[in-house]
Amino acid sequence: MKIRRTSAVLAAAAAGALVLTACSTPAESEIESETAVTVGWNQPFYAYNSLTTTGNATTNNNVLYMTTSWFNYYDGDLQLQKNEDFGTYERISEDPLVVKYTINEGVTWSDGTPVDAADLYAVWGPLRDAFDNVEPEYDDEGNITNQEAIDAGVYFDGSSAAMNMVSEAPEVGDDGRSITLTYDSPRSDWELSLERSTVPAHVVAQRALGIEDPQEAKDAFIAAFQDNNTEDLSKIAKVWNEDFNFTSLPDDEGLYLSNGAFVISDFVENQYLTLTANEDFDWGQQPKVDKVTIRYSEDPLASVTALQNGEVDLIAPQSSVDVLATLEGIDNITYTTAPEGTYEHVDLMMANGGPFDPATYGGDAEKARKVREAFLKTVPRQEIIEKLITPLQEDATTRDSFTVVPGAPNYDEVVAANGSDAYAEVDIAGAQALLAEAGVTTPVDVRFLYGKSNVRRANQFQLIASSAAQAGFNVIDEGDDNWGSRLASTETYDASLFGWQSTNTFALNSEATYITGGLNNFGGYSDAQMDAWWQEMYTADAEQETQLTIDIEKQLYADAFGLPIFQFPGVVASRDVLQGVSTIALAPTIFWNYWDWEISAEDSLDAPTGDATS
């Protein structure tokens, strides 16, 4: 499974899971006319295709969670359940692993076109790397330098370790409503290996191939992958990569079709996005409100003010002393605090021609590793905890595992053996010694990417930059509010600061961050033994998983991949007139049970207008 990137972004195996739900039989609508819920969030929606490297973000998936349906979901106890109102899936064979997915009759996109096998092909095909015959190359500013080759070739900006294990074209059956996947080897997370389809195959083919009829477009879409038709795949890839990125409501409704409970009805750039109930939806849990509006503001205190002023009903701002103190003084609201499933981390880029790349030193991998280790020894994790997190959570400690959340049954065992103790304290002298051993000239320039308007991240950057300077690093401020879209453009930065948040409970949840060519492996890290350990994880039992996790993390620390820093302290606040609010420790957090939200028409807020950052 890919890991979802958030503005708070995605986490470790065993952290928890994305919670979706469904009823056992189609339910009558419970929507009360003219009811609306307004939610405050910290980053605007920007992509309807969540399977691309840039679209793979929680801010997008919050919306897509409400506009699309899928085969399974996690319940409130984090148990995986099947959504049989949408469709069914079954494991036909364990070895070889064969899984069949069938979508129910009557499930449609909001333009009336049936959801079927073509839409499942729109997951397998684009995420299978074998169809790509070119890759983008970037300059120092992150601009693609081989655009002509990309346009002429086939390049899908997405990848999946699981779909790369399905070498044979999936078999289509049941009058075009099912596909059967045959894996090259078993996977323990097979129930979640086929990811949610958010873009309609017929729309992609219509735009790419100029085919008007939806069924003909879907047939052509499937055929392009089955026949490996590079001419058609080139056009399909360009549409799949680019056309579903938007920051305001597109003129073409095909770019935001729904097969879920809500449909996007309004979207004003950097201000708000409104979802209206899908009148045809009857293949899942029914919402109790007619509209959901998400208003955007990067400023946590502005979100609290909006709640206080009755401009939003529900918020989950970044926690701070000021946020908690302000919430404490507001009447008629309820708020709760608890650690989130998100954790903060620093990653280093190893294949961008920068200070941590062996190519910079004539291919000397050990020299580059020493420079990476030196930099990580300067990261003041404990100071970050004491100054920024302890005021919000008295018992806060550093997170010392890349893949296991604190409190998980095997967390202490993994941390005790993974080598994290080498970074327990800042070691300026040790960092200086490593740089001297590497024979590099100081200062060493390090371009550091983070969310500029995120106050806590800006504070972390200052602490890191100040500490690293003592050892001979010149940490250059690359703070950018569009940091998410730059993550794949690694030529523009050398180190990054953001968060990971889990989408399921399987150890393989983290695979795409650490394997060679993994979707979330932005740093370009590659190690044959690491890849082999992750493959062993496919069939490992619980005891084997723990040992493999220790092996993996020892290697990550030894190779100076990066550093985990802390688990996020979380806060959720809502107006008392809004009932049914709940949250979970992973994506989609406060949105997970939107169908339980209840509010009277009398208490519903007016439709938003104007600036969302009041």
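Predicted model: local features only at pLDDT ≥ 70, side-chain atom pairs only at ≥ 80, totals over all residues.
Let's start with H7, which spans residues 300-308. Its buried residues are Pro-300, Ala-302, Ser-303, Val-304, Ala-306 and Leu-307. What sits over them? The cover includes strands E12 (314-315), E13 (333-348) and E17 (562-575), along with helix H8 (321-328).

Now look at the ends. After the helix comes Gly-310, which has a positive phi, near 75°.

## A sheet with a helix across it

Next up is an open sheet of 4 strands, in the order E5-E6-E8-E7, with antiparallel pairing. Its edge strands are E5 (87-94) and E7 (171-173), and each of those pairs on one side only. On average, neighbouring strands here are turned by 20° against each other, direction ignored.

Zoom in on E7 and E8 (residues 178-182): they pair over 3 bridges, and Gly-173 has Ser-178 in E8 as its bridge partner. Helix H2 lies across E6 (97-103), E7 and E8, running at about 30° to E8.

In soluble globular proteins, nonpolar side chains tend to be buried together. Here the largest nonpolar core has 156 residues, and Phe-375, Phe-448 and Phe-473 have the most contacts inside it. Helix H2 gives the most to this core, with 8 residues.

Which residues does Phe-375 touch? Leaving out residues up to four places away in sequence, its contacts include Leu-348, Phe-356, Val-446 and Ile-464, as well as Phe-448 and Phe-473. There is also a second, separate core of 13 residues, among them Val-323, Leu-324, Ile-333 and Ala-573.

Note on methods
Residues numbered from 1 in each chain as written. Heavy atoms only, no water. Buried < 20%, exposed > 50% of the residue type's maximum accessible area, 1.4 Å probe, protein only. Helix = DSSP H or I, 4+ residues; strand = E, 2+ residues; numbered from the N terminus. Contact = heavy atoms within 4.5 Å. Core = buried A, V, L, I, M, F, W, Y, C linked by side-chain atoms within 4.5 Å. Pairing = 2+ DSSP bridges. Axes fitted to C-alpha atoms, helices over the stretch in contact; angles between N-to-C directions.
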